[in-house]
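Welcome! Take a moment to look over the chain and its fold, and then let us walk through a few spots together.

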Amino acid sequence: MIQNENSKLTKSDFLLFCEAPRHLWAKKNNSIEQTLSDFDRHLIDEGYVVESLAREYLESVFLPENPRADLIWQKTFRSGPFETRIDVLIYWPDTDSYDLYEIKSATKPDRKDLYDVAFQVLILKEQIDLKHSYLLHLNKEYIRSEELDLPQVLVAEDVTQKIDALLPEVTELRRMAVVAANATDPNALPHCLSPRDCPCLAVCHPNLPDFSIYDIPYLSQKNKSELLRLGIREAKAIPETFGLNPKQRLIVERAQTNRERIDQKTLRGILDHLEFPLWFLDYETCIQAVPRYAGYHPQQQVVFQYSLHQLDELEGNLQHSGYISITEGDPSKPLLEHLSTHLGRPGTVIVWNKTFEMTRNKEMACLYPEFASFLEDVNARIYDIGEIVNQGIYLHPGFKGSWSIKNVLPIMAPELSYQGLPIHQGDQASMAWWNITFSDLQESQKKTLVDELEEYCALDTLAMVEIYRKLRSLA
């Protein structure tokens, strides 16, 4: 049981409760299993960059326009068990009133951010005359020029009415959060419905089945809750009468039969339609909250690496090229210069999750119009080989409802593996490039990271090649 001196609830605690009451209980009882990754810390650091810009904006832009206002930074307020540290309060001496500014690094704050502000407002309204609440966040419409335009990069969104509408609900949620934080038995509390993102699996989902209902793609919260009410946790136990869409039913059948499913006619038609030479393409990117390069929006991906495997015919030799752009400026331009000389035509360009690569191509075409026709041509030739799994054309029980290449590869090409690679997932690749570019590393350290990036990204496209070959053999 939680000791009284540890029972205070911060806004972070409250937001954990809103995710799932057991998440809050786990934190208060030292049962959180997840640790912050380097990428998580990077996102936190990016948030600090936005906070610094917000402070500069309020002091150099807002105050000169409102000379009678006072800024109050990072002040802590308490009310009973509830505690919050406010990003910014603006005090208006003429009316002895205040406005709240909550700083966010997002370009489009979500409902969680509104709950965050509402928690603070309930505390503040007991102690000061609070007139307005604002979310000060990055402006998604802003495009950076050579210099950062401080008045344009941030936007203050008045959320007062939205917050006022939430206050009764948040008042009740706060009361429930206190109960959850002091509970003696977590099993009496609701758990989350997303084990893949759960920070405390042992608390929320003890003895989770290997192929569970949570592996069914796009299963609604309502359907998950209904299955749990029926005592069903295993995917194979979902009855035929339970309302699922056709794709979800195919996934359940894989769990029930433990057999793969192949729509050979459709698969053969797709693969026969692909035009040789085949170009297997993958990008690595890093997101920047505040754009560092001209032409970029806030929170836009920066493409810094590609891998390209070329297959001229099914049994032909495989050729590989790749490039990691390490430069003081935008890495995407030298990357495009390199890619445009290696990615020829004709031929189908094969990717995994085409939305990602095609969006990056559209963004880079806007940044560098001289490559627009090349990138438009690439997009016109793209085929997403992951859709064969995502659309249920080929399914294997070992995929467990996922079409992620990290889940598909061990089943379809077990001779290849990301396990054991120093870099084995995308966020690690992002941080490797970030450290090469912006950290004070020795040249030997940079070279090691470059080698590791090359190995990782090359495996991404080689994985697509081998999955393609396996699919060809099944068709």
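## A hairpin and its turn

Let us begin with a hairpin: β3 and β4 form it, with four residues between them, and D96 in the turn has a positive phi of about 50 degrees. Please keep in mind that this is a predicted model.

Strand β3 covers residues 82-92 and runs antiparallel to β4, with five bridges joining the two.

To get from β4 to β5, the chain passes through helix α4 (residues 111-125), making a right-handed β-α-β crossover.

## Is β4 covered or open?

How many of the eight residues of β4 are buried? The strand spans residues 97-104, and eight of its eight residues are buried.

In a regular strand the side chains alternate between the two faces of the sheet. For β4, one side carries S97, D99, Y101 and I103, while the other carries Y98, L100, E102 and K104. Both of these faces are covered.

K11 sits in helix α1, which spans residues 11-19. Its relative accessibility is 16%, so K11 counts as buried, because buried means under 20%. Beyond its neighbours within four places in sequence, K11 is in contact with E83, T84, R85, E102, D116, F119 and Q120.

Setting aside neighbours within four places in sequence, its contacts are E357, M358, N361 and K362. With M358 there is a polar detail to look for: a polar atom of the N379 side chain lies 3.3 Å from the backbone oxygen of M358.

## Empty space inside

Rolling a probe the size of a water molecule over the atoms shows where empty space is left. In this model, the count comes to two cavities of 30 Å³ or more. The largest cavity has a volume of about 80 Å³. Of the 14 residues lining the largest cavity, those closest to its centre are I251, V389, L395, G401 and S402.

Which elements give two or more residues to this lining? They are α9 (246-257) and α14 (387-390). The largest share, three residues, comes from α9.

Technical notes:
Residues are numbered from 1 along each chain as its sequence is written. This is a predicted model: local features need pLDDT of at least 70, side-chain atom pairs count only at pLDDT 80 or more; totals for chains, interfaces and linings use all residues. Side-chain values use heavy atoms; hydrogens and water are left out. A polar contact is a pair of N or O atoms within 3.5 Å; within protein, one must be able to donate a hydrogen and the other to accept it, and residues adjacent in sequence count only if both atoms are side-chain atoms. Contact means heavy atoms within 4.5 Å. Buried means under 20% relative accessible area, exposed over 50%, partly exposed in between (1.4 Å probe, protein chains only). Two strands pair if DSSP finds at least two bridges between them. A crossover is right-handed if, with the strands pointing away from the viewer, the path from the first strand over the helix to the second runs clockwise. On a 1 Å grid over the protein atoms alone, a cavity is a set of points where a 1.4 Å probe fits but cannot get out, and a pocket is an open set with protein on both sides within 12 Å along at least five of seven lines; lining residues have an atom within 4 Å of a point. Grid points are joined across faces, edges and corners, and a volume is the space filled by probe spheres set on the points.
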